[in-house]
2 protein chains.
Amino acid sequence: MQITSLENPKIKYLVKLNTSKFRKQEGKFIVEGKHLVDEARRQNVLIEAYSTIEKEDYIFITPAIMKKICNTDTLVTEIGLCKILDKKELSNKLLLLDGVQDPGNMGALMRSAKAFGFDTIILGDGCCDIYNDKVIRSSQGAIFKLNFVSSNLKEFILSHKEYKIYGTNVVNGISLSEVSNDNLIGVVLGNEGNGIKDETFSVIEKNIYIPMDNTESLNVSVAGGIIMYELRG
Amino acid sequence: MQITSLENPKIKYLVKLNTSKFRKQEGKFIVEGKHLVDEARRQNVLIEAYSTIEKEDYIFITPAIMKKICNTDTLVTEIGLCKILDKKELSNKLLLLDGVQDPGNMGALMRSAKAFGFDTIILGDGCCDIYNDKVIRSSQGAIFKLNFVSSNLKEFILSHKEYKIYGTNVVNGISLSEVSNDNLIGVVLGNEGNGIKDETFSVIEKNIYIPMDNTESLNVSVAGGIIMYELRG
């Protein structure tokens, strides 16, 4: 199959998927680049693949069409239309994000979560859209293998008392090296500038702190990576 | 003092500091925002501060001039002209960067390095300019407290045999949990896409790997953060 017109309905549909609202409504998103298209196929979320080079299993599109759909500065030759993943059961280790906004941090956190067995991410209010192209790129494919739940974190924590939930504010903390790695654990990371919200904090019993020069602070994806490494499943 | 003209030589000088070449030539760089200006003053690297609000110890400039100098989308009210720091003695723990290019990763690595006592960073060939405004912003002030050395990494490693230097490639590796935290240690992190260069790799005896789901990989600043946390000084 070949598409050469920008007015083709399929192409108009793909362009519209650049907005978060339309992605949610349709339950679909786009990935850019061969690596991510291949990974989407392996993970059974690929609906259709498009390429500016004619080849089997791809719908051929012109470079002008690719440019219209894509967000990357460096133009890719392949994109994939993917379905948003179905929810699975909660994993034993949970990562709870209380308004993480930077797409690079979000993607890096997904990689670490998958690497260390935190297979479910709870997306609290104010998080960036995870199907944003920058998040997908920086997740390097980890996004296809994780379970995502969108929920107000206070409500989630109150209704999942079986999990031991740790915050990462500096007050009332225990050292990461002393946290016992229990079976059902959740780690809450806050917003880049403002940390964990007061309402979330009000239902968290304990905070973890990372032993370090305490005049310094860490990037949120680094802090999350270190904690998940220590409490890996 | 007040400056209201874009043609003022001081302003032209500040604008030119947006290029890496001019920063190197002059040994000066600009920081943006009150937090970084205050931190630069505390660390004795501030030469002059500029503000769009009239106040003591600041040179007043108009918002139009600020816009001309600044790189941030959200306009700041303060900037500082700073001197590039003098080199100090090498610290016991070294972070060696073999072409880390993303400014966000570079800044996050600086924060972790300072937090975990890796007070000297060796900048190998191909690293991004550390006085780039994005690096400075994401370093959150850690840049003022670190010691930087620019050097080809192969040459540096061969001439500093007193340090035990660890790579982070996947082959020939020992688990991070088994690395003995010796006094003089260096950790080499590679480029985001290509890892450690072959010529650097040729003079590294041992690699560290981070225990994890080995089908996954970590963002370089997260991997560096975890290793420096475990081997902190």
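**Exercise 1. How many residues of chain B are in contact with chain A, and how many residues of chain A take part?**

Solution. The structure is a predicted model, in which local features need pLDDT of at least 70, side-chain atom pairs count only at pLDDT 80 or more, and totals for chains, interfaces and linings use all residues. Residues are numbered from 1 along each chain as its sequence is written, chains are lettered from A and ligands numbered from 1 in the order in which they are written, and side-chain values use heavy atoms, with hydrogens and water left out.

Step 1. Contact means heavy atoms within 4.5 Å. By this rule, 25 residues of chain B touch 25 residues of chain A.

Step 2. The buried area between the two chains is about 2,100 Å², and carbon and sulfur atoms give 55% of it. Buried area is the accessible area (1.4 Å probe) that two parts lose on being put together, summed over both.

Step 3. B:R111, B:E216 and B:Y229 supply 27% of the area that chain B buries against chain A, more than any other three residues.

**Exercise 2. How many of the eleven residues of α9(B) are buried, and against which elements do the buried residues pack?**

Solution. Step 1. Buried means under 20% relative accessible area, exposed over 50%, and partly exposed in between (1.4 Å probe, protein chains only). In α9(B), ten of the eleven residues are buried, including B:V220, B:I226 and B:Y229.

Step 1. In chain A, the buried residues of α9(B) pack against α5 (103–115) and α9 (220–230). In chain B, their partners are β6 (93–98), α5, β11 (185–190) and β12 (206–209).

**Exercise 3. Why do the buried residues of α3(B) line one face of the helix?**

Solution. Step 1. Helix α3 of chain B covers residues 34–42, and its buried residues are B:L36, B:V37, B:E39 and B:A40.

Step 1. Seen down the helix axis, these residues fall within an arc of 165°, so they line one face of α3(B). The arc is that of the directions from the helix axis to the C-beta atoms.

Step 2. The buried residues of α3(B) pack against β2 (28–32), β3 (46–51), β5 (78–83) and α6 (133–139) of chain B. Just after α3(B), B:N44 takes a positive phi of about 60°.

**Exercise 4. Is B:L14 buried or exposed?**

Solution. Step 1. B:L14 is found in helix α1 (residues 9–16) of chain B. Its relative accessible area is 1%, so B:L14 is buried.

Step 1. Leaving aside neighbours within four places in sequence, B:L14 is in contact with B:I30, B:Y50, B:I69, B:I79 and B:L81.

Methods
Helices (H or I, at least four residues) and strands (E, at least two) are DSSP runs, numbered from the N terminus.
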